[in-house]
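User: I want to learn how to read a few features of a protein model. Can we take them one by one?

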Amino acid sequence: MERFIAEHERFNLDFCLPELEKLIHDKRAFFDNPLGNALKYQKVLNNMPDVVSSETRLDQDIVAAGKRSDINEKERQKIKASLFELSPWRKGPFDIFGIDIDSEWQSFIKWNRFIDEISLLKGRRVLDIGSSNGYYMFKMAAHDPFMVLGLEPQLAFYFQYLALQKIIRQENLFSLPITFDELPLMDRYFDTVFCMGVLYHRKSPLEMLQKIHDSLKKGGELVLENLIIGSSDHFCLFPESRYAKMRNVFFIPSIKCMESWLKRTGFTNIRCVDISKTTIGEQRKTKWIQTESLKDFLDPEDNEKTVEGYPAPLRAIFIANAA
């Protein structure tokens, strides 16, 4: 797969890690002979016109590339159809040659909650765990990091990123279609790690936090966004079966509980910089997702509860430093 090969020929770390080289080699072999959805998405990507945008705008709420006048209408409709075939678009929004990708999440709302609270990203090595289609990576790129590595195992979202990069061509961004567990330990390599909307999907959140800690330079920064329970005690919710119709939600901590997790895994200078209830102004159904969204996950008689009767989604952003 040409895009995958080109992406990772540029991915040159300061040191050679054999485990990472093997991982990339294995993924390349998979994309050389794709099956199932990978083959479907690769065909969509290959059918997109290879056009160059006149400009990119990464420092605004809507990540944008190109103007409508950059391409003819036939090219525009072909690009729009290709992008739509890669649905659902969870993160965004994007404006590609005047094509409005109205994503499920208005992701700039979350971004604006913490961008003024974190260390400057200029010149930093950044890891984005669960990077989806790269919306936050493109936002990071506007701050001139040395490099950003995204990890996104879900192929639909990974191919969305590849489609966007085919147009935006941001040279300091890289993505691997893998889980965080698959990434070899890159001992004290990163300056900043973003872990947003991921930890509550983990059966062993402390193990994940420990690995994140060990991948950060001393003093390096974790930006962690997670579901929380509104309690002043050291309390953690473990859903019996599903939470907001999600089966893969395990531990939802209180703020004190999260702070304890971070301390136990070696983090210091822990601060909670934002607590926000998720609303339909931030997460909602659009024609670009074709699936249920927040409104469908809440009790229709009481939007303070999920359909299972648990407290409705409340999210907090924590910033902490590796010891």
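**Helix crossing and local backbone**

Analyst: H8 passes H9 in a right-handed crossing. Right-handed means the near helix is turned clockwise from the far one by less than a right angle, left-handed anticlockwise. Helices (H or I, at least four residues) and strands (E, at least two) are DSSP runs, numbered from the N terminus. This is a predicted model: local features need pLDDT of at least 70, side-chain atom pairs count only at pLDDT 80 or more, and totals for chains, interfaces and linings use all residues. Residues are numbered from 1 along each chain as its sequence is written, and side-chain values use heavy atoms, without hydrogens and water.

User: Which residues in H8 and H9 meet?

Analyst: Contact means heavy atoms within 4.5 Å. Pro205, Leu206, Leu209 and Gln210 of H8 touch Trp261, Leu262 and Arg264 of H9.

User: Is Ser175 buried or exposed?

Analyst: Buried means under 20% relative accessible area, exposed over 50%, partly exposed in between (1.4 Å probe, protein chains only). Ser175 has 1% relative accessibility, so it counts as buried. Ser175 sits in strand S7 (residues 173-176).

User: Where is there a cis peptide bond?

Analyst: One joins Gly92 and Pro93, with omega about 15°. Pro93 is in the loop between H4 and S3. The bond from Ser87 to Pro88 is also cis, with omega near 10°. Pro88 lies in the loop between helix H4 (73-85) and strand S3 (94-96).

User: What is the phi of Ala244?

Analyst: Ala244 has phi near 50°, a positive value in a residue other than glycine. At 4% relative accessibility, Ala244 is buried.
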